Amino acid sequence: MVAQLQQLVRHTRIREIVGDVIRLRATDVALGDMAEVENTDGEMSLARVIGLDRDLVSLQVFAGGKGLSTDATVRFLGRQLDVVYSPNILGRIFRGSGEPMDGGPDLSADPHVTVGGPTVNPVMRVMPTKMIETRVPMIDLFNCLVESQKIPIFSVAGEPHNELLARIGFQADADVLVFGGLGLIFDDYHFFRTAFEQHGVFGRTVMFVNQASDPLVERLLVPDMALAVAEKFAVEENKRVLVLLTDMTAYADAMKEIGVAQERIPAVRGYMGDLYTQLAQRYEKACDFKGAGSVTILTVTTMPGDDVTHPVPDNTGYITEGQFYLHGGIIDPFGSLSRLKQHVIGKSTREDHSQIMNTMIRFYSEAAEARRKQAMAFELSPFDEKLLKYGGLFRERFMDITVSMGVTEALDLCWKTLAECFEPQELLMKQNLVDKYFPK
């Protein structure tokens, strides 16, 4: 009844407009409620309640505050934000407001799901035991992506993080792909769309895109919409869903700007004090559901100035289960970590995976030391020469992010690379594995 009354009432006295935030006095309004704002010229825009101070209501206007008059009228809809969810959304592209932007059929009559619900009860979560094969050797071999994992790609401006994210998207062993673009320039949006289309995965992909020129508030809604849809696919359709989000630093910057407009007191480097909580609420949507599918979250987090202590990557590191560190155009084996890989290595992969992983990284670390000795003009031993040869082959065959191969193929190539550089007795591996897999 209250919701019906709210839809009949129009509020005509906007007290102030600060950026994209408007303030007015109203009652019976809840945090997160949706509203329609009608400007004096008849133009309509959606808005969302983002702050309450007794009867003083703050709303974020989706279309922005530019050109908005204080004589505009506001009508509260008495409901939370929702997004279309049905099989018809596969192969479709939506704005941050939830409206289709691809010129396809209208989906407003399809079922909707509320955005931003609670995370899953831990009792209904299953311990991760399945690997998501990405065909990227530096991930599959050394830091496996595990179903229900939440993990970021730490990167800096200029690194090919979008290329890596797209490659994982169209190569990953997943049933449904949900993509969320945050503040993308048009070139990046076009790149992702084209990549998914050309590699034949667009038909099982849903895209939510906020471009750099779009309203700031939509940037905050994209992750919630993407995760709400992903959760429905996992729970109701038993799908293995991979969620790709880029860039979470742009998401945090949007939160900062809105916080400033709300006159909230900032914390470290201007970010709001609830940065950790807001990020955790999204990342914790990753889950392997008991008796159903799973949601795996892979994001890009850019580090301004390559500073891993920046508030966004710093807080992210406490929430997520490792990171892929993209540095110098490669996934750095020394800065990357997957805390769940022990659940799948040697269990859902081949028996030699663990030994190969440790041996390859050990030799690459020694090869890096041999390169330093060579750079300082120290005399190199015959074994150092072997290490230098090995280091070159390792970078060429495994570290290039454009390399694509399955786990078994990559393991066989590891044995071949070791055989080209070392004698069997130099490997210091389990003898039964050497006897079985070392090329004769």
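Which strand gives the largest share of the lining of the second largest pocket? Hold that thought while we set up the view.

You're looking at a predicted model, where local features need pLDDT of at least 70, side-chain atom pairs count only at pLDDT 80 or more, and totals for chains, interfaces and linings use all residues. Residues are numbered from 1 along each chain as its sequence is written, and side-chain values use heavy atoms, with hydrogens and water left out.

Start by selecting Arg48, Ile50, Gln278, Gln281 and Arg282: of the 30 residues lining the largest pocket, these are the closest to its centre. A pocket here is an open set of points on a 1 Å grid over the protein atoms alone, where a 1.4 Å probe fits, with protein on both sides within 12 Å along at least five of seven lines; lining residues have an atom within 4 Å of a point. The space comes to about 750 Å³, a volume being what probe spheres set on the points fill.

Next, colour α6 (248-261), which gives the most to this lining, six residues. Helices are DSSP runs of H or I, at least four residues, and strands are runs of E, at least two. Then show β4 (44-53), α5 (216-237) and α7 (275-283), each supplying at least two lining residues.

Now move to the second largest pocket, about 260 Å³. Of its 15 lining residues, pick Val84, Ser97, Gly98, Glu99 and His112, the closest to its centre. And the strand from the opening? Select β7 (residues 82-84), which supplies three residues.
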